[in-house]
Each structure stands twice: as structure tokens, then as C-alpha cells.
Amino acid sequence: MTKEICKAMLWKEWRETRWKWLAFAFAFHIPLGIAALVVTLREPARFDLYVLSDAVAAQVLDVTLVAQSGFLITAGLFLLAFFAVGSIGAELDNRSMFFLFERPVMRWHILLFKYVVGAVQTTMCVGLSILSTLAFVYFIMAAAATNVTLAGSWGAFVKVASNGVRGTVLTMVIGLMVYSATFLFSVLFEKWWIAVIAGAVSLVGMFYYVGGYIFDWIISAATRDRGGAIDLSLYGRLDPVPILVMLIVSTGLFFASQYVFARKEMK
Amino acid sequence: MKRLKRKPYLFGLAAALVVIGAAAVHFARPSKAESPRLERYLPADAIGFVEVNDLRAQALKVIDSEAWRAFTKENEAASSLFMMTANHTGALDASYAVALLGVGTTPEGKREPQFAVVAEFDGASARRTFENRVLRFAQNSDGKSIETKTEQYNDVTINVITPQGKHGFAYAQTGDTLYLSNASEAVKRLLDVRAGRLPTLETNQTFVQARARAKSVEGMFGFLDGAALTKLVDGAGAGGDNKGVEAFKQFFHGVGASSVESVAFTSTFEDGRVAERAFVVAPNKEGVLATVAANQPTQGALLALVPEDAVAAFDASIANAPQTFEQVVSLATQLSEQSGKKSPSDALAEFTEKTGVDFRGEILNSLGTEFCAAQLSAGDSPSGVVILNLKDEQAFTQALAKIAASKHHATSERDYKGVAIQHVEGENGHALEYAIVGGNFVASGKSSAVERVIDTAQGGGSLKSSAAYTAASASVVGQPQFVYYNSNADYLNHLGHTLKSSDDTFKTEGQSASLRPSFAYGVMRADGFYVEGHTPLGAFPRLLSGVASKLGEKKESGAE
């Protein structure tokens with residue numbers, strides 16, 4: 001496979017998914033959208049924003065980080081499954097995939113490019129949504145609140161954003177694992193809705209067995225027995241073992257996808 | 001159509017324009033609370049009322065004020081949470097008027113004043129929030145059983161709430177307006193005004209003139225109808241044998257209150273602080289009011305003796321003090337004769353007998369034209385000083401010496417920079433120090449205060465010549481009868497005290513900020529008396545504190 005073919009494959013994947021990816025990026029900011037809508041339309045909410053001070057703005061950033069993390073590991077994973085489910089199955093269903101088979105590329109190359117582009121897009125959305133949400137909330141508070149000053153609140157923002165970066169690593173790895181699983185379903189089932197159901201069932205199963213643990217780890221530990229305050233220390237502790245396990249699972253799922261794809265009968 | 005379908009962004013653009021247009025209409029339309037004119041809901045014969053226009057707008061102005069910004073720097077979290085609490089009480093989205101409508105007769109036959117609260121809400125949602133939170137709290141606040149009755153008055157339902165063992169209240173709502181009163185008859189009158197069956201206060205010419213005089217009615221506005229008040233006082237206790245009421249009537253007329261046509265009061269934000277103005281319209285002044293009105297304006301000469309770093313100072317003309325005193329004594333004597341109590345003349349004679357001092361001749365007649373009281377330091381040990389301009393210092397000091405001798409208080413004298421300071425021992429470890437400085441009597445409980453006045457008189461920087469006082473007094477129009485100055489050095493600590501409740505952690509000491517000084521003055525005009533004051537926040541913190549603490553507690557108690 002030549003360099004030109006690689007570039008062409010990447011370009012093709014990007015062209016095909018760029019609008020979907022943009023919509024996906026917006027969908028990952030749904031909590032921010034809801035908050036923006038409330039602040040825009042409800043005067044009491046605007047008043048609350050207006051009266052913020054540096055100390056309370058720091059608390060708002062803490063809450064934002066935990067809330068966005070909570071969204072990512074719940075509704076966000078379903079969104080991710082919906083994004084990943086159309087990776088292969090839809091192209092097989094409408095037979096556009098066969099165009100690629102007539103090109104001088106191997107079958108596993110096609111799957112590799114699709115997986116890599118999709119994985120980069122989803123993990124970027126998942127990871128960056130934490131930082132972009134924090135940045136947007138901070139910008140709005142600094143711009144709208146009379147008593148929030150850059151000098152007084154920048155330190156708090158940097159602290160929360162630093163914790164957010166660590167949270168980003170964790171949510172990106174979780175996202176990659178869910179993406180890989182759904183990608184496999186997309187290879188297995190040509191009908192996209194079967195893959196959606198399979199993805200949803202898998203996610204529900206995952207939440208049933210480990211959801212409580214994940215939620216407790218991300219949300220409860222940050223808020224339990226804090227008297228309303230948020231403790232971000234757990235964001236500062238990046239345990240390499242679960243991250244490594246999830247990366248290994250993701251890799252395994254990718255190879256499983258390759259295995260299924262290589263042996264898939266396509267007419 | 002096909003071409004349009006190929007250009008989805010055109011649909012997006014159209015949709016965005018519709019959304020922006022709807023939002024523009026939503027935000028451009030003034031809310032009902034922003035333009036209330038609540039007087040149109042009050043009867044023409046109302047005695048008076050105070051209204052607060054659009055409480056949310058006032059709260060936002062408080063937040064924008066220089067004092068609140070400085071206060072927030074010291075109380076970051078507490079100040080934000082205080083405002084949020086006030087915000088979520090549901091009471092901010094409205095304009096309120098508290099009115100005295102007159103005197104009515106209760107079902108038990110007792111005469112009592114009828115008060116009413118009229119609230120114009122921003123919308124049905126705001127009104128319901130208020131009703132749910134405030135009225136239900138009021139009904140259940142003491143946990144006792146209540147009796148609730150409803151009464152149909154034309155097409156409006158009046159709710160009468162009577163808690164066990166307590167005076168009840170009645171309320172009704174029409175549209176987004178809520179009427180609440182301690183008497184259901186008062187609510188009916190308000191509903192009659194609303195329905196056009198009774199004339200509104202807007203048709204009262206006295207009110208119309210008072211409103212026209214008010215520079216701005218954006219914040220608070222108050223009005224008192226002098227003629228209606230006089231009528232109310234004159235009609236009180238009619239037919240009864242109540243000496244107290246009769247004495248009050250005499251007092252009311254004697255002080256000249258019956259000659260007041262109206263009082264208008266405004267409180268509004270200007271340049272990041274609150275300007276309060278009151279105008280007492282009394283073109284034909286009578287009694288004590290006429291004597292006080294004839295006072296010469298103050299020259300402010302005593303302010304030249306107050307050190308420039310004084311925390312607060314009040315300076316007033318007392319040129320007519322002897323005449324005013326005689327009028328008050330005469331009035332009090334009349335009242336005491338009726339009630340059979342000791343008259344002021346008897347008390348004065350007793351004073352002369354005990355001290356050997358003729359109060360009128362030796363003290364009152366030796367006073368000059370000006371009086372000044374000042375606070376020289378802030379914090380835990382403020383030192384106050386009184387400065388009196390004297391006409392006859394010898395007679396005045398002799399009178400003081402006689403009083404000290406009659407009470408057997410030890411006296412001593414010391415010299416400070418060529419000025420003799422008299423020390424009079426008092427009771428419970430207290431003492432009085434005084435000196436005559438440039439023909440003025442200077443007295444304080446703290447020796448350092450008298451010494452600082454002497455320093456100022458001998459060339460130290462005075463308040464009158466200070467840049468802060470000059471800037472603060474620049475707004476004075478006319479020759480004032482009194483002036484009040486406050487450096488606001490202690491303002492943030494006082495604000496902390498005002499707002500502090502058990503839940504808040506406002507600082508009440510150790511806060512300092514360079515706020516602009518407060519200043520107030522009063523001038524006599526041909527048709528009345530005008531008072532103007534500029535302070536950091538006026539009465540608004542107290543108002544918001546009332547809303548946040550009272551209604552905030554209700555929410556916690558789960559009254560909703």
C-alpha cells in the first residue's frame with residue numbers, strides 16, 4: 001500500500017464522517033447546551049450567573065467537571081455507540097464498501113483505517129468535551145459575572161482543568177473500549193439497527209455489572225460527605241491498571257473485528 | 001424547490017432568524033414589574049404608601065454598586081450565596097407597594113389601621129411561586145391550626161386566613177397582581193379600585209404633584225398624604241373618652257404636622273450608589289415646624305474643628321433652639337395638664353432647685369447658632385465628640401460647674417497646648433472632658449478626642465477643608481440647615497452586621513474599603529423642606545436581607 005493510497009483512504013474516511021463527527025461533537029455538549037438554554041431563557045438563572053464571585057465560580061467549575069464526566073460515562077457512551085455502529089454495517093448494507101474492494105488495498109487495511117479514524121474522532125470528542133465545556137463555562141462566568149475576575153479565578157480554572165485533563169485520559173480509554181465493542185457489532189451485523197440493539201444491550205449489561213462501580217468512582221467519591229463541596233482528588237489519581245486492562249480489551253476487540261471481517265461473506 | 005432542498009443552510013438560516021427574532025421580542029418587551037405604577041391600584045384616599053419597583057432590577061443594581069463589589073472581595077462566597085438565596089425565594093420578580101389605607105372597624109368592633117400589600121408580578125409563574133412560598137409559609141409558620149375561608153367578591157375570590165389565636169389576613173389575586181391586607185374590607189376596596197368602582201390614587205392631585213416633584217421613581221418611592229393623615233388623626237377616637245388619643249391630637253397639631261400637605265420620598269441608584277430624596281410640602285407651616293423652618297442655615301463653621309479623618313460628623317443650625325424649646329415646653333405643659341402628670345415647667349423648676357442652674361437663662365440662652373457631633377475613630381472604641389457654638393461661654397461653663405458641684409463630682413483641670421481642659425468624674429468610671437475652643441464648647445468621654453479637636457483648631461487638617469468632604473458636599477443646592485458626613489470607613493463591617501444571619505459567614509470586622517463618603521443635607525424651601533442623601537446602598541441591603549432571611553427560612557422549613 002503506497003503513501004498516496006493511505007492519504008486517499010484517510011481523506012475518504014474524513015470526507016464521509018466529518019458532518020457526522022461534527023454532530024457527534026455537538027451532542028457531547030448537550031449538558032452545556034441545556035445550561036446555556038436555561039441561562040438564556042430564565043431570568044433567575046441569569047441572575048445566579050451574574051452574582052457569582054471568584055470563590056463560587058471555582059465551585060461551579062468543580063460541578064461542571066463532575067457533571068460532564070457523569071454525562072460522558074452514562075449518556076455519552078450511548079451516543080458513542082450510535083456513532084460507531086454505522087462504521088461498517090451501513091457501508092455493507094448500501095454496498096458502498098464494495099467500491100473499496102476493487103482498489104489495490106487489503107481488506108484489513110480498510111478496517112484499520114475505518115477503526116483508526118473513528119477511534120480518533122470519538123476519543124477526541126469524549127476527551128475534549130470535558131476541557132471545552134470547562135473552558136466555555138469559565139469564559140461565560142468571567143464575561144458575565146460582575147465579581148468574577150481573571151486574577152481571582154484563573155488559579156481555580158487551571159486546577160480544575162488540570163484535573164479535567166486526567167479525567168480526560170480515563171474517559172477516552174472508556175470511550176475507546178465502548179467504541180471498539182460497537183465497531184465489532186458493526187462488522188458482525190450488516191443491518192445497522194441490529195448493531196444498535198447489540199451495542200445498547202452490551203452497554204446496559206456493562207452498566208448493570210460495573211456501572212455502579214464507575215459511577216461511584218467518578219461521581220459519588222467526588223461528592224460524598226463533602227457538605228455540598230466537590231473533591232477532585234480522585235481525578236488526580238490515575239490508576240494505570242484499569243486503563244491498561246481497558247486498552248488491552250479495546251485491542252482485543254479490534255482484532256476480533258479484523259478476524260470477523262476477514263472471514264465475512266459479502267455479496 | 002429542488003434548488004432550495006440542495007441548500008439546507010438556507011433553511012437553517014431562516015430558522016436561526018426566527019429564533020433570534022423571537023428572542024429579541026422576548027428580551028425587548030418590558031416585564032410588568034419593570035413599569036408598575038402601583039398607585040393605580042390604590043384608592044385615592046390612601047394615607048400613604050411605599051413602593052419598591054422591580055426588586056430584581058434593584059438587586060442587580062446593588063450587585064453593580066461600588067460598595068457591594070468591595071464587600072464581595074471580602075465575602076466572596078457569602079455575598080454570592082446571599083444574593084442567590086434572595087433570588088430563589090421567588091420574591092424578586094415583582095414590584096411591591098405597602099400602603100396604609102385608613103382605619104377600619106374589626107368584626108369585634110375595634111378600630112384598627114388597615115394596611116395592604118400590593119404586588120405586581122412579572123408573570124403568572126412568579127406570582128404562583130410567591131403565593132406558594134410566602135403565603136403558605138405565613139399560614140403555617142407557627143405550626144398552629146388555621147381557619148381558611150373564601151369569599152366571593154364580584155368575580156374575585158378573597159381568601160381569609162385566620163391562624164388560631166392570631167390576627168388573620170386576607171388576600172386575593174387578579175391577573176398577575178396580588179392584594180394582601182390585614183382586613184378583607186381593605187382587599188375589597190383595592191378590588192373596587194381595580195374594577196374602576198373607586199377612584200385611584202393617580203387621580204389624587206396632592207399625589208400627582210408629589211410624584212411630579214420626584215426626580216426618579218425607579219427604585220423606591222414613598223408618599224404620605226398630609227391632609228388624609230390629619231383627617232385620620234382628627235377622626236381617631238371620635239366619641240370616645242380617650243385622653244391619650246386627645247393628647248396625641250394636640251401634639252400632632254402643636255408640632256405643626258397638620259400643616260404638612262404631603263411627603264414624597266425616593267430612593268434610586270445613581271452612579272453606583274444610592275441617592276435618597278425626601279420633600280416635605282408645607283407651604284403654610286405651623287407650630288414647632290414653623291419655628292424650625294425659620295432657623296438660619298448652618299454655616300458649617302464647627303466642621304473646621306473636626307479632624308479631617310473623622311469617621312462621621314453631623315452639623316446643624318440651632319439658631320432657633322430657645323424658641324423651639326419654649327414651644328415644645330408649652331405644648332408638653334398643655335398635654336401634662338390634661339393627663340395630670342408632672343409638667344415640663346415643674347421639671348425645670350426642680351432642676352434649678354437641685355443644681356442652682358437656670359436652664360433657660362444660663363444654658364439655653366448661652367447657646368450660639370450651631371451644633372456639631374462627630375465620631376473620630378472607627379472599630380471597637382469609637383470616640384465621639386460634641387461641639388457647641390456658644391453665645392455666652394462664661395455663663396455656660398459656670399452652669400456646668402454648678403451642675404458638677406451639685407452632683408458632688410470631682411473636677412480637675414489640665415493644660416493642653418495652651419487650652420484648659422476640664423475633667424469631670426462621672427459614675428461607673430465614666431468621665432467627661434470639655435474645653436472651650438475658640439468660643440465653642442467641646443466635650444467628649446475620651447480625652448484624646450478633645451485634644452484632637454484642639455489640634456485641629458491650632459492648624460491641623462480639618463474635615464471642612466478636606467478633599468473628601470469638599471467632593472461629598474459638592475452636590476449641595478442651597479444653604480442647608482443640617483449636613484451629615486460619613487467617611488464609610490466602617491461601612492463594610494456595618495453591612496456585614498446588617499446581612500448576617502445564623503447561616504451566613506459575613507465578616508463584621510477588619511474590613512476596609514475606600515468607598516466614597518456618604519453625605520446628606522436638608523434645606524428649607526419656600527414650600528417645604530428638602531432632604532437629600534447619598535449613601536453606598538441606602539435601605540436596599542436591609543430590604544434584601546429581609547427577603548433572603550425571612551423567605552429563605554421558609555423554604556428550608558419545607559413550607560412549600
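## A first look at chains A and B

Helix α4 of chain A (residues 54-72) packs against helix α5 of chain B (residues 76-87) at an angle of about 75 degrees, their axes being 6 Å apart. This is a predicted model, in which local features need pLDDT of at least 70 and side-chain atom pairs count only at pLDDT 80 or more, while totals for chains, interfaces and linings use all residues. Residues are numbered from 1 along each chain as its sequence is written, chains are lettered from A and ligands numbered from 1 in the order in which they are written, and side-chain values use heavy atoms, leaving out hydrogens and water.

- Axes here are lines fitted to C-alpha atoms, for helices over the stretch in contact, with angles from 0 to 180 degrees between N-to-C directions.
- The two helices, α4(A) and α5(B), are therefore roughly perpendicular to each other (a word used for angles of 65 to 115 degrees).
- A:D54, A:A55 and A:V56 of α4(A) make the contact with B:E76, B:A77, B:S80 and B:M84 of α5(B), where contact means heavy atoms within 4.5 Å.
- Sorted by class, this contact of α4(A) with α5(B) has four nonpolar, one polar and two charged residues.

**Helix α1 of chain A**

- Helices are DSSP runs of H or I with at least four residues, strands are runs of E with at least two, and both are numbered from the N terminus.
- With 25 residues (3-27), α1 of chain A should span 36 Å at 1.5 Å a residue, and its end C-alpha atoms are 34 Å apart, which agrees; the expected span is 1.5 Å times one less than the number of residues.
- A kink of about 50 degrees in α1(A) is centred on A:T17, the bend being the angle between axes fitted to the seven residues ending there and the seven starting there.
- A:T17 is also among the buried residues of α1(A), as are A:W21 and A:F24.
- Buried means under 20% relative accessible area, exposed over 50%, and partly exposed in between, with a 1.4 Å probe and protein chains only.

**Chain B as a whole**

- Chain B has 19 helices and 20 strands.
- Of its 560 residues, 46% are buried.

- B:S462 sits in the loop between α16 (447-457) and α17 (467-472), and B:S462 is buried, with a relative accessible area of 7%.
- Beyond its neighbours within four places in sequence, B:S462 touches residues including B:L303, B:P307 and B:T456.
- B:E326, in helix α12 (residues 321-339), is partly exposed, with a relative accessible area of 33%.

Note on methods
Angles under 35 degrees count as roughly parallel, over 145 as roughly antiparallel, 65 to 115 as roughly perpendicular and the rest as oblique. Ala, Val, Leu, Ile, Met, Phe, Trp, Tyr, Cys and Pro count as nonpolar, Asp, Glu, Lys and Arg as charged, and the others, Gly among them, as polar.
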